[in-house]
Amino acid sequence: MSKLSKTSAVPDMVPEPRRPDDAPPQFLSVRDLKVHFPTDDGVVKSVDGLSFDLEKGKTLGIVGESGSGKSVTSLSILGLHRTGSRSRNARISGEIWLDGEELLSADAARVRELRGQKMAMIFQDPLTAMHPYFSVGQQIIEAYRVHHPEAGKKEARKRTIEMLDRVGIPQPDRRVDDHPHQFSGGMRQRAMIAMALVNDPSLLIADEPTTALDVTVQAQILDLIRDLQKEFGSAVIIITHDLGVVAELADDILVMYGGKCIEKGSAEAIFERPEHPYTWGLLGSMPRLDRERADRLNPVKGSPPSLINVPSGCAFHPRCPYADLTEGASRTVVPVLSEVGSRHFAACHLGQADRERIWTEEIAPNL
Amino acid sequence: MTDTVSEGKDIQDNVGATEPLLKVSGLVKHFPINKGLLRRQVGAVRAVDGLDFQVMPGETLGVVGESGCGKSTMGRLITRLLEPTGGKVEFEGRDITHLGTSAMRPMRRDVQMIFQDPYSSLNPRHTVGTIVSAPFRLQKVETEHGTKKAVQDLLELVGLSPEHYNRYPHEFSGGQRQRIGIARALALKPKLVVADEPVSALDVSIQAQVVNLLDDLQSELGLTYVIIAHDLSVIRHVSDRIAVMYLGKIVEIADRESLYGKPMHPYTNALMSAVPVPDPKRRTQRKRILLTGDVPSPISPPSGCRFHTRCWKATEVCKTTEPPLVALRTGHQVACHHPENAPE
């Protein structure tokens, strides 16, 4: 596969804004993000105070189930919830700093410049994310030319074919003119990755990129994402509910529940020594090929919470087998993320001694 | 397995439990492709192209494979939601392959299906009570204390509250809807339950609940399951024996220990090595077999062994001759000219 040249031949049309003095040093820094949707039934608190950082060249895995707020987080980073003046749309607060620039207060034109260029997204289902009427080539060319208006058609097409080749699509000079439905699932996802990477984004967000794919194709796509990250040095956020996928790709993991982060740390720490009952539950409820077959799975009882009527105190308390050990705090007080290990944080009222005991006696032997 | 079967279940006419409950021979289903003004058949999607297998009473057969392998079509063929183009399906020794609607009707009490999508498999305009009582109505079954009581008992059996009788599907979560589908499938105490991807549409924490429920119900009611899924970890957990399908054919069938311990078909090997393992330390250690390309189309499957286009072991014979499904002494069956882990 050809090595791609970076598109630095043409200078930026708009100069980069000056980095303010109070900008955080990390490449991506999300601070206390809240995304609430007012509806007839009440306010849906999809994301309710999320903070995390990410450096270039690293991968963050955001893990959670339906309604945990993980997809809304990624859409907010890309500015896809921005409203005009309508009051019924999302209410967003907090800060999202990308390379020293705050995105939530930036104006729409600036965010549009960045979207697809500095930050790009791979969506879950390429069949619905790509336009069925236009060829894959036309769509990638469009993504390229929107951010490089001075580039000619020939140059854009050459770049597109280069990109399709890089993501492993055979005969790219022929397939560039095919429509999305003419590709198989795995090839379509590769085409979408090509579209996301055509402008060398520094931040790549992959929202459930392999959920719709067969397992052998999933393995190819995960390998591809890993290789491309090494080659381009981008920061990658991978959003998934699949703990296997996140173990394959992520350096750090953030576990979301009920719109909040309930645990975050390095991938090793989260898998080897998780410190939150929900994470214990997730790890314990999966059948695993790399362990002896368990006679019975240990599911987390109950269902994910409503985001309109989020349970009081700790959102997980109705499902938590250890809520009684907190002397009522889980029911009334929202736990804050506190350090439980080196760069490892958990939001839980259980005392250190209780957590250690439960881990050694109950959880670890059954994992 | 025989212990579970003798508890509270009568096996009609069969001596002991040695007769298979379901026997499939040479099962074929081709969907015609019609083109042109006169709608002439120009080709066919060879979804299922010659399957042979049996299911014994009380066991769980897991069927695993990727998109286009024909596993869902196979599920619909054995429940006779589709009529086979060729081959034979025998249930309790009786040939049901080409039975008409009225002849099939009494059989439908014994063979039931749980569908994949909990959102589209329940009629949104019917209450839970109507949905779960439909089997009683359609089969004209009288119950001891009335249908409503029977339905409420079923709801409790699957972990729902009897008060949910008057609610509509949209008021429930995915996992609860799947439980409603299970209650409906069990209403007439079937002998065989075919579950097509019963947990793939559910969140991880709910999947485990439903898997445990299916397990419990099997012990309590002496059910026989055919579970179709693509998730190898779930299949290993629920199945006694597993059949691996590829492009309309079975490439390997074995009991759970043999299949996961010593898989013989290269495709099975590749499938297992592709499953991401939730252990970041194993990331660099694992030797992953990466298959090239995607699954070929079932409209024109490759000649000879269908897997040869993606197989790293393929030789000339693989391109020309289709390997038959051959059984070893252990009962492990594999269709390959160059099987791995083969005992000498």
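Helix 4 (residues 128-138) of chain B and helix 6 (residues 174-186) of chain B have axes that come within 7 Å and cross at roughly 30°. That makes helix 4 of chain B roughly parallel to helix 6 of chain B. Angles under 35 degrees count as roughly parallel, over 145 as roughly antiparallel, 65 to 115 as roughly perpendicular and the rest as oblique. Axes are lines fitted to C-alpha atoms, for helices over the stretch in contact, and angles run from 0 to 180 degrees between N-to-C directions. Helices (H or I, at least four residues) and strands (E, at least two) are DSSP runs, numbered from the N terminus.

Helix 4 of chain B brings B:Val128, B:Ile131, B:Val132 and B:Pro135 to this contact, and helix 6 of chain B brings B:Ile180, B:Ala183 and B:Arg184. By class, the contact has 6 nonpolar, no polar and 1 charged residues. Ala, Val, Leu, Ile, Met, Phe, Trp, Tyr, Cys and Pro count as nonpolar, Asp, Glu, Lys and Arg as charged, and the others, Gly among them, as polar.

The model is predicted: local features need pLDDT of at least 70, side-chain atom pairs count only at pLDDT 80 or more, and totals for chains, interfaces and linings use all residues. Residues are numbered from 1 along each chain as its sequence is written, and chains are lettered from A and ligands numbered from 1 in the order in which they are written.

**Strand 7 of chain B**

In strand 7 (residues 192-196) of chain B, 5 of the 5 residues are buried, so the strand is largely enclosed by the rest of the structure. Buried means 20 or more other C-beta atoms within 10 Å of the residue's own, exposed means 12 or fewer, and partly exposed lies in between, with C-beta atoms placed from the backbone. B:Leu192, B:Val194 and B:Asp196 point one way from the strand; B:Val193 and B:Ala195 point the other way. Two strands pair if DSSP finds at least two bridges between them.

| Strand pair | Sense | Bridges |
|---|---|---|
| Strand 6 (residues 111-114) and strand 7 of chain B | parallel | 4 bridges |
| Strand 7 and strand 8 (residues 224-229) of chain B | parallel | 5 bridges |
| Strand 1 (residues 28-39) and strand 2 of chain A | antiparallel | 10 bridges |

B:Ile114 stands opposite B:Ala195 in strand 7 of chain B. B:Leu192 stands opposite B:Thr224 in strand 8 of chain B.

**The sheet of chain A**

Chain A has an open sheet of 4 strands in the order 2-1-4-5, with antiparallel pairing. Strand 2 (42-54) and strand 5 (101-102) of chain A are the edge strands, each pairing on one side only. A:Pro38 stands opposite A:Val43 in strand 2 of chain A.

**Where the chains meet**

Between the chains, 41 residues of chain A are in contact with 34 residues of chain B. Contact means that the C-beta atoms, placed from the backbone, lie within 7 Å. Helix 8 of chain A gives the largest share of the chain A side, 8 residues. By class, that side has 18 nonpolar, 13 polar and 10 charged residues.

A:Thr216 lies in helix 8 (residues 215-232) of chain A. A:Thr216 is buried, with 23 other C-beta atoms within 10 Å. A:Thr216 touches B:Glu66, B:Ala270, B:Leu271, B:Ala274 and B:Leu291.

Terms used: Two residues are in contact if their C-beta atoms, placed from the backbone, lie within 7 Å. Lists of a residue's contacts leave out its neighbours within four places in sequence.
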